[in-house]
Each structure stands twice: as C-alpha cells, then as structure tokens.
Amino acid sequence: MGDTLSLFLRLGISLAVVIGIMAIAGRVLKKRGVGFATGRGGQRSMIDVVARRGLSRTSAIAIVRVPGKHLVVGITENAVNVLGELDPEAVEAEEPVVPEAPRTAPIGVPEAPGTAWKTLLDTMRERTVRRR
C-alpha cells in the first residue's frame, strides 16, 4: 500500500514539473514573439486566405495572400497546386483583372457586388477542368 502511494506521489510531482516547464517555455516564447500565428492572439499570420470556393466535395480553389503577392491555388484531397498569380493591387481593390465573361444581367442593370470574384473563380475553374 505504501509503495503504491509513493508511486502515485512521484507520478504527480513529475507531471507537475513537466506542466510547469511547458508553461514557462510558452511564456518565454510568447514574449519573444515566437509561436503560432492563429489569428486569435493578436499576431497576424504571414499567410491569409482571401477567398475560397468549393468546386466539388474534395476540391476547392482559393486566393491566398503571402508577403508581396496573391496566389490562386487549387486544393484537392492529395495536393495543393499553384494555378496562377494575381496583381496585389487589383485584389486589394476587390476588382481583380479577369477575362471578359458574358454578362448575366441585362445591359444597363448593374451586376451585384462580388461578381468580380465569382467571375475570377469561374474562369480559374474552367482552366482546371480536365477535358477528354
């Protein structure tokens, strides 16, 4: 009985020491600015997803902002592929440069906001479709 009690006591002390070391290491890393930028702790991530659109159950297309540029990436179950690069100023102005697409609205009727993104994503979808 005494051996079991001392074993649990040593186990508890060891666990407390390990948790204490982890807490101290976390505080030190946080003060130095090292850590994971999840967007919750006030740190900004180096990579941001600007827009994302699902193409099927297991694939999507996204516009990703990295320092200095915006990339259009195709995302599948097994890979992430860079499809192209966009002009950062056009993306920031929310008017990306895309090829002319047929208008869906009658002439004289303004298109809904955000259709530029939709047109861009539809164009990229057409580029990635496998044709037989």
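The following dialogue examines a predicted model of a protein chain.

Student: In which pattern do the helices and strands follow one another along the protein chain?

Tutor: The chain holds three helices and four strands. Read along the sequence, these elements give the pattern α-β-β-β-β-α-α.

Student: What share of the 132 residues in the protein chain is buried?

Tutor: A residue is called buried when its relative accessible area is under 20%. Among the 132 residues of the protein chain, the buried share is 20%.

Student: Which residue forms a salt bridge with Asp-48?

Tutor: The structure holds two salt bridges. In the one that involves Asp-48, the closest N and O atoms are 3.7 Å apart. Asp-48 lies in strand 1, residues 48-54, and its partner in strand 2, so the pair ties together parts that are 17 residues apart in sequence. The partner of Asp-48 is Arg-65.

Student: Is Asp-48 buried or exposed?

Tutor: The relative accessible area of Asp-48 is 19%. The limit for a buried residue is under 20%. Asp-48, by contrast, is buried.

Student: How many residues apart are Arg-53 and Asp-122?

Tutor: The side chains of Arg-53 and Asp-122 meet in a salt bridge, with an N to O distance of 3.2 Å. Arg-53 belongs to strand 1 and Asp-122 to helix 3, residues 115-128, so the pair links distant parts of the chain. Their separation is 69 residues.

Student: At which relative accessibility does Asp-122 count as partly exposed?

Tutor: The class of partly exposed residues lies between the buried and exposed ones, whose limits are under 20% and over 50%. Arg-53 falls in this class at 26% relative accessibility. Asp-122 falls in it at 23%.

Student: How much space lies in the second largest pocket?

Tutor: Rolling a probe the size of a water molecule over the atoms shows where empty space is left. For the second largest pocket, that space is about 310 Å³.

Student: Which residues are the closest to the centre of the second largest pocket?

Tutor: The lining of this pocket is made of 12 residues. Strand 2 (60-66), strand 3 (69-75) and strand 4 (80-86) each give two or more residues to it. By class, the lining has five nonpolar, six polar and one charged residues. The closest to the centre are Leu-55, Ser-59, Ile-75, Thr-76 and Thr-128.

Student: How far apart in space are Val-80 and Ser-59?

Tutor: Val-80 lies in strand 4 and is exposed, with a relative accessible area of 58%. In sequence, Val-80 and Ser-59 are 21 residues apart. From C-alpha to C-alpha, their distance is 9.6 Å.

Student: What distance separates the C-alpha atoms of Glu-85 and Ile-63?

Tutor: Glu-85 has its place in strand 4 and is exposed, with a relative accessible area of 53%. Along the chain, Glu-85 and Ile-63 are 22 residues apart. Their C-alpha atoms are separated by 8.9 Å.

Note on methods
Residues are numbered from 1 along each chain as its sequence is written. This is a predicted model: local features need pLDDT of at least 70, side-chain atom pairs count only at pLDDT 80 or more; totals for chains, interfaces and linings use all residues. Side-chain values use heavy atoms; hydrogens and water are left out. On a 1 Å grid over the protein atoms alone, a cavity is a set of points where a 1.4 Å probe fits but cannot get out, and a pocket is an open set with protein on both sides within 12 Å along at least five of seven lines; lining residues have an atom within 4 Å of a point. Grid points are joined across faces, edges and corners, and a volume is the space filled by probe spheres set on the points. Ala, Val, Leu, Ile, Met, Phe, Trp, Tyr, Cys and Pro count as nonpolar, Asp, Glu, Lys and Arg as charged, and the others, Gly among them, as polar. Buried means under 20% relative accessible area, exposed over 50%, partly exposed in between (1.4 Å probe, protein chains only). A salt bridge is a side-chain nitrogen of Lys or Arg within 4 Å of a carboxyl oxygen of Asp or Glu.
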